[in-house]
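These are my notebook entries on one protein structure. I wrote down what I looked up, one topic at a time.

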Amino acid sequence: MKAFVYAGPGSHDLQDRPVPTLQASTDVIVQMTHTTICGTDLHILKGDVPSCQPGRILGHEGIGVVDEVGDGVTNFKRDDRVIISCITACARCVPCRKGMYSHCTSGGWILGNTIDGTQAERVRIPWADTSLHHIPAGMDDGVMVMLSDILPTGFECGVLKGQVQPGSIVAIVGAGPIGMAALLTAQLYAPAEIIMIDVDDHRLEVAKRLGATSVVNSADGRAAEAVMALTNERGVDTAIEAVGVSATFELCQDLIGAGGTIANIGVHGGPASLHLERLWDRNITITTRLVDTSSTPMLLSLVQSKKLDPQSLVTHRFSLDQIMDAYETFAGAKRSHALKVMIEV
Ligand SMILES: NC(=O)c1ccc[n+]([C@@H]2O[C@H](COP(=O)([O-])OP(=O)(O)OC[C@H]3O[C@@H](n4cnc5c(N)ncnc54)[C@H](O)[C@@H]3O)[C@@H](O)[C@H]2O)c1
Ligand SMILES: [Zn+2]
Ligand SMILES: [Zn+2]
């Protein structure tokens, strides 16, 4: 089968690979119909994610049709249409019983990381009963793919961890798909203001359409001043970091108000500076989280009832044969104006 393979920092290709087979009674094999690329895949290609070794088929998002089913699987049968969660969960180990599926002792974020992923014609899904979701009839394919990773990530790691509340002032640094998912789901809590910060004017325009009350282009290095001016020099209640570099984590520290929460979402490949010399007396909370996808069923029902609409995040469509172009388009978002690229398999 065709599969997109990471071959080491700076090297990757669409290759011919053996078709995956069932390895445990709790596995299913999914025939992929749609997959996509995440900012995290770009981090992997740069060599930022050492757990992902050369030879790995990438991808932890997508939807498909169940093809083969292990004897121990009870919730899914052949031909079911499914959302593949980016997090695999056994639902019985200690972290899973705490709802922390991201740290499942035999799962967590393994797809497209420590086991082969979804940017391929077929994928093996371990612990299928508790790692897949049924797709309700009549739902749009592209919208369903947004439930694999970006919506639960923006919501759990950004909005929930950041304690967004009615009337809050929220800043989101990074207007990529993850930042946009935080922007969409923050609005479930009726914050008074959402300030979106990025270096890409096109993404900031999109953010305005999706509900940002102000946007700041941080390319001139003066974003903190701009945010202070917008907040009567108070700073924000919640600062969500959705990029994954030291500069943006530091920017969150520059614009957080007393008593506020900095919620880090970004995958960091290097150290980030913490300015305790300025923050020690400011009652700040700093959070980190790997998405658990525990909110996926709730987000799916909001999408189904049209209270949440991530449709406009899907900007480009490619076939699996064109996945190299899809990566170039996603990585070159400044030129291509891409947000999520849909890859039809
Ligand atoms: N914690 C988790 O569980 C989890 C899950 C999924 C993704 N992530 C991470 O979330 C982050 C965002 O993902 P994405 O898919 O939206 O990525 P992306 O690369 O598409 O978006 C990042 C955005 O940051 C902007 N940016 C880059 N440098 C900047 C700077 N110095 N100042 C302001 N903006 C800047 C870019 O213009 C871009 O719009 C990535 O680090 C990704 O790995 C984390
Ligand atoms: Zn991801
Ligand atoms: Zn577990």
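**Entry 1**

In which loop is alanine 91 found? I found alanine 91 in the loop between strand 6 and helix 2. I note here that I am working with a predicted model.

I looked up alanine 91 for its backbone angle. Its phi is near 70 degrees, a positive value in a residue other than glycine. Most residues other than glycine have a negative phi, so I wrote this down.

Glutamate 233 lies in the loop between helix 7 (223-230) and strand 12 (236-241). Because it has 10 C-beta neighbours inside 10 Å, glutamate 233 counts as exposed; the cut-off for that class is 12 or fewer.

**Entry 2: tyrosine 101**

Next I looked up tyrosine 101. It sits in the loop between helix 2 (94-97) and strand 7 (122-125). I counted 27 other C-beta atoms within 10 Å of it, so tyrosine 101 is buried. The cut-off for buried is 20 or more.

Which residues does tyrosine 101 touch, leaving out those up to four places away in sequence? I listed Ile87, Ala89, Cys96, Asp292, Thr293 and Ser294. For alanine 89 I also looked up the distance. Tyrosine 101 and alanine 89 are twelve residues apart in sequence, and their C-alpha atoms are 5.4 Å apart in space.

**Entry 3: strands**

I turned to the strands. Strands of a sheet pair through backbone hydrogen bonds, either parallel or antiparallel.

One open sheet has three strands in the order 2-1-4, and the pairing is antiparallel. Its edge strands are strand 2 (12-16) and strand 4 (56-57), each of which pairs on one side only. Strand 1 (residues 2-6) runs antiparallel to strand 4, and two bridges join them. I noted one of these partners: tyrosine 6 has arginine 56 as its bridge partner in strand 4.

I then followed strand 5 (residues 62-69). How many bridges join it to strand 3 (residues 28-36)? I found seven, with the two strands running antiparallel. Methionine 32 has glycine 64 in strand 5 as its bridge partner. Strand 5 is also joined to strand 6 (residues 81-84), by four bridges, and this pair runs antiparallel too. There glycine 62 stands opposite isoleucine 84 of strand 6.

**Entry 4: helix 11**

Which residues of helix 11 (residues 323-331) are buried? I wrote down Ile323, Ala326, Tyr327 and Phe330. They cover an arc of only 100 degrees around the axis, which puts them on the same side of helix 11. The general rule I used is that an α-helix has 3.6 residues a turn, so residues three or four places apart point the same way.

I also looked up what covers these buried residues of helix 11. The list includes strand 1, strand 2, strand 15 (314-319), helix 12 (333-336) and strand 16 (340-344).

**Entry 5: two domains**

The protein is divided into domain 1 (2-149 + 292-344) and domain 2 (154-288). Their centres, taken over C-alpha atoms, are separated by 27 Å. The contact takes 18 residues from domain 1 and 16 residues from domain 2.

On the side of domain 1 that touches domain 2, helix 1 and helix 12 each supply at least two residues. Helix 1 gives the most to that side, with four residues. By type, the residues of that side of domain 1 are seven nonpolar, six polar and five charged.

**Entry 6: ligand 1**

Last I looked up ligand 1.

I noted 33 residues around ligand 1, the closest being Gly39, Gly176, Ile178, Gly244 and Val267. The shell divides into 17 nonpolar, eleven polar and five charged residues. Elements that each supply at least two residues include helix 1 (39-46), helix 4 (150-160), helix 5 (177-186), strand 10 (193-198) and helix 8 (246-255). Helix 1 gives the most to this shell, with four residues.

Note on methods. Residues numbered from 1 in each chain as written. Chains lettered and ligands numbered in written order. Predicted model: local features only at pLDDT ≥ 70, side-chain atom pairs only at ≥ 80, totals over all residues. Near = placed C-beta within 6 Å. Nonpolar A, V, L, I, M, F, W, Y, C, P; charged D, E, K, R; others polar. Pairing = 2+ DSSP bridges. Arc of directions from axis to C-beta. Contact = placed C-beta atoms within 7 Å. Domains from an automatic or database assignment.
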